[in-house]
Amino acid sequence: MLTYNYKQAGKLVCDYMDHIKIKYGIWGEDMKILLIDDDLTFACQLREDALAYFGHDVTVIIETQYRLSSDDDIDAFFIAIQSDDLRGFELAQALQEKYKAPLVIFVSNNAELVFKALVIGMFQFIRKEHYQEDLEAVFPQLKAELEKRIYSITIETSGRTLTIIPPRIEYFVVINHELIVVSNNQPTVLRSTVKKALNLFHYPYLVQIRRGTVVNLDYVTSVKGHILMIDEKSFTISRKYYADFKSAWKKYHI
């Protein structure tokens, strides 16, 4: 556990907000794009264009089969679809069950498939015959959407730097003004109140369930009555916050 006392020149800093820098964009770790297309010539061209546009911030993985190559988090999926092959649509539907609002960009030689893609749900559509034109529209939109979803908060104190990515927070608790933030099962201790932390992290799926406890709906695996689970950890929703939590949970699944 890392503990930050927030001391500067021997004087306790009561409010760490003065030592915060918020960076909007893809920070801390590379964005990951998965390209699924058996046309390797086209996939390699798309990969090169993605690297040229996003630079060092992107890792691009090419797969020829309609499957995920690993358990790594993927930020955007480019999926090839054909009129006589429904596996691309089936994969997109599976992604919708696994992820909240996955960023799926369909790629096809058949522009008429855009209508079916709209029904299934997609972020964008690239027509291979209008590749350059569509790419010039899709990449800026993808970057803007990712920048809304993934941003970091850098806290500098006592010569040390800590970076927190709000969407990756599983939950946090506040005890005696100590903020314990858990991300990737790793706790970090800061100094704050629940109200200040919610304002700072500013992530819509962070929802308060008790006076000093906030959970990220992205990580909630089940809810039964006043008990919710995040992995194998159970949390009790207090009566005061139950109605607000149920409303947020319902909106989350719309």
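Which residues have the most contacts inside the largest nonpolar core? In this predicted model, where local features need pLDDT of at least 70 and side-chain atom pairs count only at pLDDT 80 or more, totals for chains, interfaces and linings use all residues. Residues are numbered from 1 along each chain as its sequence is written, and side-chain values use heavy atoms, with hydrogens and water left out.

The largest nonpolar core has 21 residues, and I33, L46, F54, F78, I126 and L142 have the most contacts inside it. A nonpolar core is a set of buried Ala, Val, Leu, Ile, Met, Phe, Trp, Tyr and Cys residues joined through side-chain atoms within 4.5 Å; buried means under 20% relative accessible area, exposed over 50%, and partly exposed in between (1.4 Å probe, protein chains only). At least two residues of this core come from each of β5 (31-36), α1 (40-54), β6 (58-63), β7 (76-80), β8 (104-108) and α4 (131-149). Helices (H or I, at least four residues) and strands (E, at least two) are DSSP runs, numbered from the N terminus. The largest share, six residues, is supplied by α4. Beyond its neighbours within four places in sequence, I126 is in contact (heavy atoms within 4.5 Å) with residues including F78, I105, Y131 and L135. A second, separate core of 18 residues includes V181, A197, L200 and Y203.

Five salt bridges were counted, each defined as a side-chain nitrogen of Lys or Arg within 4 Å of a carboxyl oxygen of Asp or Glu. D37, D39 and K128 are linked in a network of such bridges. The closest N and O atoms are 3.2 Å apart between D37 and K128. Because D37 lies in the loop between β5 and α1 and K128 in the loop between β9 (124-127) and α4, this pair ties together parts that are 91 residues apart in sequence. For K128 and D39, the closest N and O atoms are 3.8 Å apart. D37 is buried at 5% relative accessible area, K128 is buried at 17%, and D39 is partly exposed at 30%. In a further salt bridge, R127 and D134 have their closest N and O atoms 2.9 Å apart; R127 is partly exposed at 24%, whereas D134 is buried at 9%.

The mean pLDDT (the predictor's confidence in each residue, from 0 to 100) of the protein chain is 80, and 82% of its residues reach 70 or more. Over residues 1-18 pLDDT stays under 50, and over residues 24-28 pLDDT is below 50. Where pLDDT is low, the predicted coordinates should not be read in detail.
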